[in-house]
Amino acid sequence: MKMGRYGFLGWLGAVLLLAGSAMAAPSESVRIGRELDAIDWSRAKVIRFELDEMTFHPDRVVFKAGQPYRLRIENAGEKRHNLMSPAFFAAILQHSLKGGGLLVQNPKDAKIDLLSGQVAEFHFLAKTKGHYPIYCSVDDHRARGMEGEFIIE
Ligand SMILES: [Cu+2]
């Protein structure tokens with residue numbers, strides 16, 4: 001029996017699947033961390049977090065290391081806003097982003113981007129203790145007040 005080109009195509013498909021799973025694309029539900037599937041997310045603590053012109057509400061949130069969270073993010077403003085914090089995104093284990101928004105995973109540019117009126121639920125496990133600045137990287141929003149702090153303790 002010969003492998004032929006179908007064997008190669010199968011191998012190529014597997015490689016493309018792997019490459020695809022390493023990136024988060026905009027979608028209704030992006031599942032990122034399969035190793036966190038065992039967590040009962042329905043019991044995870046819900047934190048409500050709002051983006052607006054030109055503020056975060058609340059602008060300071062404390063998480064406990066080792067705990068799973070459902071961060072419900074709403075853009076209540078009229079402009080596009082984001083929650084940007086490469087340091088915070090590096091300090092958590094991500095599970096999924098549901099409902100809307102765009103998760104950008106680039107370590108230097110890690111953020112969740114929401115259009116006006118969009119609501120997203122971000123599931124993650126808090127991991128590394130520390131104080132992490134958060135801000136909105138759209139235009140001059142940070143200078144106009146869209147900044148704050150996420151803390152893991
Ligand atoms: Cu903004």
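**Entry 1, the core.** I looked up the largest nonpolar core and found 26 residues in it, with Ile73, Ile112 and Phe122 having the most contacts inside it. Such a core is a set of buried Ala, Val, Leu, Ile, Met, Phe, Trp, Tyr and Cys residues joined through C-beta atoms within 7 Å. I count a residue as buried if 20 or more other C-beta atoms lie within 10 Å of its own, with C-beta atoms placed from the backbone. At least two core residues come from each of β2 (45-52), β5, β6 (81-84), α2 (86-90), β7, β9 (111-114), β10 and β12 (147-152). β10 gives the most, 4 residues.

**Entry 2, the model.** This is a predicted model, where local features need pLDDT of at least 70 and side-chain atom pairs pLDDT 80 or more, while totals for chains, interfaces and linings use all residues. Residues are numbered from 1 along each chain as its sequence is written.

Which residues does Ile112 touch, leaving aside its neighbours within four places in sequence? I found Ile73, Asn82, Leu83, Leu97, Gly101, Leu103, Ala120 and Phe122; contact means C-beta atoms, placed from the backbone, within 7 Å.

I use DSSP runs for helices (H or I, at least four residues) and strands (E, at least two), numbered from the N terminus; strands pair if DSSP finds at least two bridges between them. β5 (residues 68-75) pairs antiparallel with β10 (residues 119-126) over 7 bridges, and Arg72 stands opposite Glu121 there. β7 (residues 92-98) also runs antiparallel to β10, joined by 6 bridges, with Ser96 partnered by His123.

I noted 2 helices and 12 strands. Of the 153 residues, 28% are buried.

Key: A residue is buried if 20 or more other C-beta atoms lie within 10 Å of its own, exposed if 12 or fewer, and partly exposed in between; C-beta atoms are placed from the backbone.
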